[in-house]
Every structure is written in structure tokens, then in C-alpha cells.
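Open your viewer and get ready to click along. Each stop on this tour names something to select and tells you what is there.

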Amino acid sequence: MSKKTLNAQNLTRLGADHLAELLMELSTGNADMQRRLRLELSHDLGPQELARDLRKRLASLRRAKSNISWRKRKAFLKELGGMQEMIKDRIAPDDPALGFDLMWDFIDLAPSVFMRTSDSSGEIGDLFQSSLPLLGPIGERALLEPEGLADRVWQAVSNDGFGLYQGLITILAPALGAPGLTALKARIDRYEAKPVQDPKMDHEALAFLRALRSETGNYRADQKARLIRQLRQEIAEAEGDVDALLASLSPGALRHPGTGADLAQKLLAAGRVEEAMARLSASRPDPEEEARDWNAAYIACLAAQGHGDEVQAFRWQCFEARLDSEQLRAHLAALPDFDDVEAEDSAMSHAQSYGNVTAALRFLLEWPALPALSQMITARVSELPAIPPDLSQQAAEKLRTRYPLAACLLLRGALMSGRLSTEQIQEVLADCATLDSEITDYEGQPDHAGFLADLKARLSR
């Protein structure tokens, strides 16, 4: 490595004094760099001093009203990321309680930032969202007072206009502990007991706007009920209380296959096998619906009931319906020696004739079963243009050494799909020409010259 390469090791050779001079020179007129250098100096004096400066900066950003232009957006995002990193890596390890307060204040900054900048890429929102899970481990180390933390959580989740605090109870459940979760439930109960505010008590202008949005008392009551149900559900999940979780879910949610699968697994863990099966029966997915979690829970219930033969039959059914490789592997693993070979051959035959040629190709490619894939391609030439060109090219690359004809036919399908650019067409035609020299028998398909003539006739442009 050259000694002139810009890296930390080479720069260290310049010496601390010279580097300090360079930093002063580079930071002149650069407010962002000066701000970062001041924070580094504050950290050198201790976490308390760094926290004081970060609080000042957070307060300044919260008070700001001017829009953040697209020119400044990148630098602003970098500053936010630097602040998050300093709280997480510089303050929280030495003073978890202080780090927790600062990270919370940092997340609270989000609404004022959203009002001042366009976040079409979602990067700023993602940065604030990534801060929320950091509260969990910091909060555990901080040994926070449960009642006070419950108050803080309640204020956040009950006034969450931007959806910043979704999942907060789950994240902070270890820090809240049983006393904190109990205190949080008490606050939810008190909120539920309060009557919904009468819209007539609003200012006339607000009442008019709410009328335009059809924000009637029923709307408010429904909104309140949804919040209560959501929070109780999250607490029940945190406490591992299956009965409370069941009580918190709406009838519609209980019919959802994903919810049914989750509940069934929890009931199974509690030894309530029959109830688990009943939950699955009440949330059975539609035949066309992808339901891997539901299938896994159903198999677990069958196994818990000792229905080994039904488990195997259901695994095969899942494979046949959606070419589920995970279920097929589990099915084959449970078969005696030699029986698994015959079953795998049957599975590959089924995959070759599966209705969706793209799904069939993907399965045989990933299994992998290249001989079966080659046979399927030569048998279903007319369907190959329906396969996404990038998948066809990926499969052709895997096949070209041992099965050049199958690779060539896949590439021809990509050409006939009409989804390639002029440049891509030229590249694929060149690949077909290369494969032509390796193909000794086109098995009734046109050779390269014949295909090219046909292609030119179809695509005269």
C-alpha cells in the first residue's frame, strides 16, 4: 500500500500538531465540521459535557422553523446520524440513564424535522426509526424507575401522531418489568374509562374541519378502541399472557392466518394443544394464499397430537400446492431410506409439470435439479417467454456447461419476451451464438440461423 494513500495509518504519521492545524484550516467556514469538532472536544471532557452540548443542539433544532433544502439535506442527515452514534457509543456506555434520556429526546425531535424537510427517500424517517430499538438495551442498563418510565411510555404511545413509537412497549418491556407493565395497564384502564370528548366542545373551526373529514364521535370512539386494543395486545405479548392476548384481539384479527399461527404457537408452548388447533381452524387461509407460518403451526399441532402420517400428508400437500421446498425437504427427511429417493423423483416430476412455469423453474433451479430443469425447458418451449428475462439468464448461466440446449432455449425465451433493451438483445444473441457451437442436437428446435431469421421476421424493427 502506498504511503500516500489516504487512510488513518498514513495520516497518523503527520503528527498530532500538524493534524490539528489541518483540521482548523479545513473547518474554517464549515459550520458542520466545526460543530462536530466541538462535540469531540466535549466528549474528551466527559459524557456529561458532551450530553450538555448535544442537548443544546437538539433544542436548537427543535426551535428551528426554516425549511431544510435538498442541498443541505445530506449534511443534515449526516449530522443526525452522528448525534445518534454519539449518544449510543459515547454517552450510554458510561451513563445509561443519561444516554436513555438523550436518545428519547433525539427521537422526539422527529416531528419538528418532518415538518421542515421532504423525506421522499425515507432516509430521515428510517434514521429515527432505527433509534427506537436502541432504547431497549440502554433502558435495561439504566435501571429506570418503573412508574416514571410507564408514564413516559404512555405519553409517547397515546400521542403518537407520526407512528414513531410503534412497538415501544415491546422494546421497553424488560426495562419496565412487571411493575412498569402493571402501571401501564392502569393508565390504559383510566384512559378507557374516560368518555370520548364531545366534538361540540371544539372550537367552531375545528368542528367544521372534523365534519368535512367525517370525524364524528363514532370515529373518535373507534380510534380510541383501536389504540387500547393495540396497547393491551402489546402488553400481553410482553407478559406472555396468551389469554390476555386473545382478549385484546378483534374478531377480524383472530381470523387472520398469521395471527392464528402466532396464537397457536403460543398455546402450544403453554401445552394447550387442542386450543391451538381450534385457533388454526378458525383462521384457515384461502387455498391461493401463501401461509408458511400457518402451515408450520398446523404441522406442529399435528405432531403434538401424535398424527405423524397426517403431518407427512400435509407436508406433501403444501409442496404440491406451492412447490414449497422447505416442506418437501422435511417430508423427505422423515421417510425411510430408498423411499426418499422415489419420493424426490415424484416431486421433481410434479415440479416439471407445475402450472406456473416461472415458479417451476425457480424451484428446480434452487433445489437444485438441473437434469429435471433441462427436461422441463425442452418440453415447455412455448411458455418460456413468460419467465422474467433476468431469471432466464440466471438459469441459463447455471445450465450452459452441461445443458447448452436448455440454456439456449431459455435465452431465446428472454428474447421473445419483449422485455429486453436493444443492448440486452445484442448481448443475449451473442450468448446464443456462442452456445450454438456447443449444441450437437437441437431436438426439433430451429438452429441458431433459423431462429435468427424467424426473430428478424417477427421483430423487423
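Begin by selecting Asp89 and Lys88, which form a salt bridge, their closest N and O atoms being 2.9 Å apart. A salt bridge here is a side-chain nitrogen of Lys or Arg within 4 Å of a carboxyl oxygen of Asp or Glu. Asp89 is partly exposed at 40% relative accessibility, and Lys88 is partly exposed as well, with a relative accessible area of 32%. For these labels, buried means under 20% relative accessible area, exposed means over 50%, and partly exposed lies in between (1.4 Å probe, protein chains only).

Before you move on, please note that this is a predicted model, where local features need pLDDT of at least 70, side-chain atom pairs count only at pLDDT 80 or more, and totals for chains, interfaces and linings use all residues. Residues are numbered from 1 along each chain as its sequence is written, and side-chain values use heavy atoms, with hydrogens and water left out.

Next, show helix α5 (residues 70-91) together with helix α6 (residues 96-108). Helices are DSSP runs of H or I with at least four residues, strands are runs of E with at least two, and both are numbered from the N terminus. How do the two helices sit against each other? The axes of α5 and α6 come within 9 Å and cross at roughly 165°. Axes are lines fitted to C-alpha atoms, for helices over the stretch in contact, and angles between N-to-C directions run from 0 to 180 degrees. α5 and α6 are therefore roughly antiparallel, a label for angles over 145 degrees. On the α5 side of the contact, select Leu80, Met83, Gln84, Ile87, Lys88 and Ile91; on the α6 side, select Leu98, Gly99, Leu102, Met103 and Phe106. Contact means heavy atoms within 4.5 Å. Colour this set by class and you get eight nonpolar, two polar and one charged. In this scheme Ala, Val, Leu, Ile, Met, Phe, Trp, Tyr, Cys and Pro count as nonpolar, Asp, Glu, Lys and Arg as charged, and the others, Gly among them, as polar.

Glu123 lies in helix α8 (residues 123-131) and Arg73 in α5, so the pair ties together parts that are 50 residues apart in sequence.

Now jump to Asp151 and Arg187, another salt bridge, with closest N and O atoms 2.6 Å apart. Asp151 is in helix α10 (residues 146-157) and Arg187 in helix α11 (residues 168-193), 36 residues apart. Asp151 is partly exposed at 37%, while Arg187 is buried at 9%. For a network, select Glu290, Arg292, Arg322, Asp324 and Glu326, which are joined by salt bridges that share partners. The whole structure holds 22 salt bridges.

Then bring up helix α17 (residues 273-282) and helix α18 (residues 292-304), whose axes come within 10 Å and cross at roughly 145°. Here Val273, Ala276, Met277 and Leu280 of α17 meet Trp294, Ala297, Tyr298, Cys301, Leu302 and Ala304 of α18. Their contact has ten nonpolar residues, no polar and no charged ones.

Finish at Ser392 in helix α24 (residues 389-399). Ser392 is buried, with a relative accessible area of 0%. Leaving aside neighbours within four places in sequence, Ser392 is in contact with Ile387, Leu410 and Ala414.

Notes
Parallel < 35°, antiparallel > 145°, perpendicular 65-115°, else oblique.
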